[in-house]
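Welcome, and thank you for stopping to look at this model with us. Please have the sequence and the 3D view open side by side, and we will walk through them together.

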Protein chains: 2
Amino acid sequence: MKLLEERILRDGKVFPGEVLKVGGFLNHLIDDSLLEEIGKEIYALFKDDNVTKIMTIEASGIAIACYAARHFHAPVLFAKKSKTANISSDCYTASVKSYTHGNVNTVFVEKEYLCKGDRILIIDDFLAHGEALKGLISLVEQAGADLVGAAIAIEKGFQGGGDSLRASGVKVCSLAIVESMADGKVTFRKQEI
Amino acid sequence: MKLLEERILRDGKVFPGEVLKVGGFLNHLIDDSLLEEIGKEIYALFKDDNVTKIMTIEASGIAIACYAARHFHAPVLFAKKSKTANISSDCYTASVKSYTHGNVNTVFVEKEYLCKGDRILIIDDFLAHGEALKGLISLVEQAGADLVGAAIAIEKGFQGGGDSLRASGVKVCSLAIVESMADGKVTFRKQEI
């Protein structure tokens, strides 16, 4: 997606440790007009897949999921990372290793919100090693729901998670795939979208 | 807001410890069509206040903030609860006690995203004792930005946070104000909206 790639080149910042910072428009301060376009693009990619529910993981995936949900007229279920007093004990859970946070989270959704018969589109801001996505897919499988695919804003292609999931048959569409950030210069994989 | 009150009565669940569970439509599974209406209502309440930026706190506030942002054509800044490798050290911070989680979080926003001259509307899903809201207001004040007010989906009126902030001069608009949950029965404060 040209608009997102251009924005990454303009406002993204590369830091040591293969960190791409996009907090100025995607996952801390959220640019409303960019997200509108991202939501439309995700809809264009999955509009024929009979999506009945969008799933994401707190916190950075929620905004993108909501901007896409408007077009699908589908509810958004976000997997949580910490239990609170108002959470049922009847949950599907998965362990997710976070390279950015340097820890392992147990993520969960309440069973009553994820059901057999649901056709799930997973949406997230980043896909790197694929740990979060694999965790969400596990939750979908535990529920016996159908996975339609995954829509990602930015994939770090060189970290392999996306291609590994594609090879296993998952429809993974990333709006921008970063192939390299060597010497602080971001280059993208050529794509049709 | 009639639609939200009706939904709380229909699908909300009251648990011991004054817990009102609305995970089926507001803050775990998010009902797209309800959020559309909530976003419109928040716009109606603050459309004349020249809002330039919407601020919320992860994770449950993000969805509501995004559905409102579309109408204001304003970016959404969400305060974070944990530092990651891609966060600058140059942040405004505030301590927020969470009654639901039973802990104290340091919340923060990066200084470059919250500036003098910004006219901030704070949006959140719940207002109870007002701790999160006071934390966000503190961030706004530290930045020298202007606080337009706060739009809340559900206020627990009997816990006093909202009225205390109103008494201090903050424009706090809650779409549903729960006055009592005694014996598991939810009653609302009468309002014009």
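Which residues in H3(A) meet which residues in H4(A)? Before answering, please keep in mind that this is a predicted model. On the H3(A) side, the residues are Leu35(A), Glu36(A), Ile38(A), Gly39(A), Lys40(A), Ile42(A) and Tyr43(A). They meet Ala63(A), Ile64(A), Tyr67(A), Ala68(A), Arg70(A), His71(A) and Phe72(A) in H4(A). Sorted by class, the residues of this contact are 9 nonpolar, 2 polar and 3 charged.

Now look at how the two helices are placed. H3(A) covers residues 32-46 and H4(A) covers residues 60-72. Their axes are 8 Å apart, and the helices pack at an angle of about 55 degrees. Because of that angle, H3(A) counts as oblique to H4(A). The crossing of H3(A) and H4(A) is right-handed.

Stay in chain A and look at either end of H4(A). In the loop between strand E4 (53-57) and H4 of chain A you will find Ala59(A). A cis peptide bond joins Glu58(A) to Ala59(A), with omega at about -5 degrees. In the loop between H4 and E5 of chain A sits His73(A). Although His73(A) is not a glycine, its phi is positive, near 50 degrees.

Strand E6(A), residues 91-98, and strand E7(A), residues 103-110, run antiparallel and are joined by 8 bridges. One pair to look for is Val96(A), whose bridge partner in E7(A) is Asn105(A). The hairpin has 4 residues between its strands, and Gly102(A) takes a positive phi near 70 degrees there.

Let us turn to chain B.

Where do the two chains touch? On the side of chain B, 34 residues are in contact with 34 residues of chain A. The elements of chain B that give two or more residues to this side are strand E2 (19-21), strand E3 (29-30), helix H3 (60-72) and strand E5 (76-79). H3(B) gives the most, with 6 residues. By class, this side of chain B has 17 nonpolar, 10 polar and 7 charged residues. The copies meet through the same surface, because 100% of the interface residues of chain B are also interface residues in chain A.

Strands also pair from chain to chain. E5(A), residues 76-79, and E3(B) pair in the antiparallel sense over 2 bridges. Within this pairing, Leu29(B) in E3(B) is the bridge partner of Leu77(A).

One open sheet of 7 strands includes strands of both chains, in the order E3(A)-E5(B)-E4(B)-E8(B)-E9(B)-E10(B)-E11(B), and its pairing is mixed. At the edges are E3(A), residues 29-30, and E11(B), residues 187-188, each of which pairs on one side only. Inside this sheet, E9(B), residues 146-156, and E10(B), residues 172-180, run parallel and are joined by 6 bridges. Here Lys156(B) has Val178(B) in E10(B) as its bridge partner.

To finish, find helix H1(B), residues 2-11. H1(B) lies across E9, E10 and E11 of chain B and runs at about 35 degrees to E10(B).

Key
Residues numbered from 1 in each chain as written. Chains lettered and ligands numbered in written order. Predicted model: local features only at pLDDT ≥ 70, side-chain atom pairs only at ≥ 80, totals over all residues. Axes fitted to C-alpha atoms, helices over the stretch in contact; angles between N-to-C directions. Parallel < 35°, antiparallel > 145°, perpendicular 65-115°, else oblique. Left-handed = near helix turned anticlockwise from the far one by under 90°. Contact = placed C-beta atoms within 7 Å. Nonpolar A, V, L, I, M, F, W, Y, C, P; charged D, E, K, R; others polar. Pairing = 2+ DSSP bridges.
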